[in-house]
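Me: I have a structure open and would like to go through it piece by piece. Can you take my questions as they come?

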Amino acid sequence: MVVVQTERFDTAALIDQLQKKAAGQAGAYVYFLGTVRDYSPDSPSESLFLEHYPGMCEREILALCERAQARWNILDTHVVHRVGALPVGDPIVFVGVSSAHRSEAFRACEYIIDTLKTRAPFWKRETLTSGQAFWVQQQEADALKTESWDHPPRTNP
């Protein structure tokens with residue numbers, strides 16, 4: 001399930017949906033909940049405005065979930081991402097993964113949120129309490145983390 005919406009989501013309801021869909025087959029559920037935080041080091045943030053490329057955004061997130069399912073033995077994924085104006089502290093993204101085993105669920109969930117941050121077409125504009133607004137640039141660390149998923153570390157024979 002992939003949903004991009006303006007409305008606030010109910011985390012407990014999303015967890016319940018994921019558990020019901022697993023129908024007793026999952027031994028592990030891993031969830032990530034991201035919230036709007038104060039990005040600016042110089043002045044307090046008031047809000048974050050997220051824009052997205054409708055249709056393309058959902059397809060990209062779905063493709064990331066499908067890659068996770070191909071790479072790890074997981075049962076299902078749920079991703080809900082909000083767009084529009086969001087105040088500091090509001091939930092922005094939920095990623096849930098169900099699997100028979102916890103290690104698979106942890107890896108898949110981390111992969112989805114890491115790659116979503118750099119590959120899904122979202123744009124963020126932060127507004128400070130002073131009224132100043134600016135576009136948030138992608139962090140180099142996020143790009144490097146995504147790249148690391150494409151090139152897993154080699155192990156010695």
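Me: How much of the protein chain counts as buried?
Reply: This is a predicted model. Of the 157 residues in the protein chain, 40% count as buried, where buried means under 20% relative accessible area.

Me: Next topic. How many helices and strands are there?
Reply: The protein chain has four helices and eight strands. Along the sequence they follow the pattern β-α-β-β-α-β-β-β-α-β-β-α.

Me: Why call the chain as compact as a globular protein of that length?
Reply: Because its radius of gyration is 17 Å, close to the 15 Å that the globule rule gives for 157 residues. The C-alpha trace spans about 50 × 40 × 25 Å along its principal axes.

Me: What share of the contacts is between residues 24 or more positions apart?
Reply: They make up 76% of the contacts with a separation of 6 or more.

Me: Now the sheet of four strands. What order do they have?
Reply: The order is E5-E3-E7-E8, in an open sheet with antiparallel pairing. Strand E5 (84-87) and strand E8 (133-135) are the edge strands, as each pairs on one side only. From one strand to the next, the twist averages 25°.

Me: What holds strands together in general?
Reply: Strands of a sheet pair through backbone hydrogen bonds.

Me: How many bridges link E3 and E7?
Reply: Seven, between strand E3 (residues 45-52) and strand E7 (residues 122-128), in the antiparallel sense. Ser-45, for one, has Leu-128 in E7 as its bridge partner.

Terms used
Residues numbered from 1 in each chain as written. Predicted model: local features only at pLDDT ≥ 70, side-chain atom pairs only at ≥ 80, totals over all residues. Heavy atoms only, no water. Pairing = 2+ DSSP bridges. Helix = DSSP H or I, 4+ residues; strand = E, 2+ residues; numbered from the N terminus. Axes fitted to C-alpha atoms, helices over the stretch in contact; angles between N-to-C directions. Rg over C-alpha atoms; globule rule 2.2 N^0.38 Å. Buried < 20%, exposed > 50% of the residue type's maximum accessible area, 1.4 Å probe, protein only. Contact = heavy atoms within 4.5 Å.
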